[in-house]
Amino acid sequence: RAVLYQSADAHKDQTYFLSQLSQSQLAKTLFPLGALPKSDVRRLAHERRLPNRARKDSQGICFLGQLDYDAFLRGHLGERRGEVREFETGEIIGEHRGLWYHTVGQRRGVGPALGPRHVSRGPWYVVRKEMDSNVLFVSREYASADKPRNAFHVDAINWIGGAPPPAGAAGEPTPLRVKVRHGAASHEASVSLLDGGARAHVSLAGRDKGLAPGQFAAFYDGPVCLGSGVISEEGL
């Protein structure tokens, strides 16, 4: 059975992005640098005088190179303008260029979509995207202390091993680590499986103000990535 382990360099670990792979895919995959921290990779590249030894680390979406992210989206998806509404009141306070330019939890980049008199009332956060009506909802209360943001549902889970953890399959809440975005940070969590492991309810030990429907939540047992699923709007 193929097992997906986290890399030796927590900041460069890519298991969050690989967590949807299947057994058949992983069985044909090798990660020759997975046991090395990036500093060692740099050192070996200099020792062997590789032509890319001094190249800077990629940031953001590496395959875009110097291309601006918004320009990439505009070239492939264009624009579809729609209303920006305050979540709590429903008041129209601006116009967006397309829902695909915004992510739930986003703060940076919201201001340009708002009318001048509303910008100064911020900071504003994206809290919901309604695809059918093409409406973007924003709020000034997204990160307020009265919003726990420590529990959510996950749908369409891919278990890399082909089945959920045994304890979870038996209906018991399972202690796992969960990542809700790429990076070294993760949460200790209690995961309760639903529908035979196809879905789950996740309770984090801490608060995460960046929980976003549509993003992936990846599950870990120690250094092993077990799989991932899509964060649902249910409960957020």
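Ala 156 counts as exposed in this predicted model, because its relative accessibility is 56%, above the 50% at which exposure begins. The residue lies in strand 6. Its backbone deserves attention as well: phi of Ala 156 is near 50°, a positive value in a residue other than glycine.

Asp 195, however, is found in the loop between strand 8 and strand 9. With a relative accessible area of 57%, Asp 195 is exposed.

A further backbone feature occurs at Pro 123. The peptide bond that joins Gly 122 and Pro 123 is cis, with omega at about 10°. Pro 123 has its place in the loop between helix 5 (116-119) and strand 4 (125-130).

From these local features the account turns to the interior. In soluble globular proteins, nonpolar side chains tend to be buried together. In this chain, the largest nonpolar core has 19 residues, and those that touch the most other members are Phe 152, Val 154, Val 178, Val 191, Val 202, Leu 204 and Phe 219. At least two residues of this core come from each of strand 6 (151-159), strand 7 (174-179), strand 8 (187-194), strand 9 (199-204), strand 10 (216-221) and strand 11 (224-231). Strand 6 gives the most, with four residues.

The chain as a whole can now be described. Its secondary structure consists of six helices and 11 strands. Along the principal axes, the C-alpha atoms fill a box of roughly 55 × 55 × 30 Å. Of the 236 residues, 35% count as buried. Among contacts between residues at least 6 apart in sequence, 56% join residues at least 24 apart.

The chain exposes about 13,700 Å², of which carbon and sulfur atoms supply 53%.

Methods. Residues are numbered from 1 along each chain as its sequence is written. This is a predicted model: local features need pLDDT of at least 70, side-chain atom pairs count only at pLDDT 80 or more; totals for chains, interfaces and linings use all residues. Side-chain values use heavy atoms; hydrogens and water are left out. A nonpolar core is a set of buried Ala, Val, Leu, Ile, Met, Phe, Trp, Tyr and Cys residues joined through side-chain atoms within 4.5 Å. Buried means under 20% relative accessible area, exposed over 50%, partly exposed in between (1.4 Å probe, protein chains only). Contact means heavy atoms within 4.5 Å. Accessible areas come from the Shrake-Rupley method with a 1.4 Å probe; for residues, only the protein chains shown count as cover.
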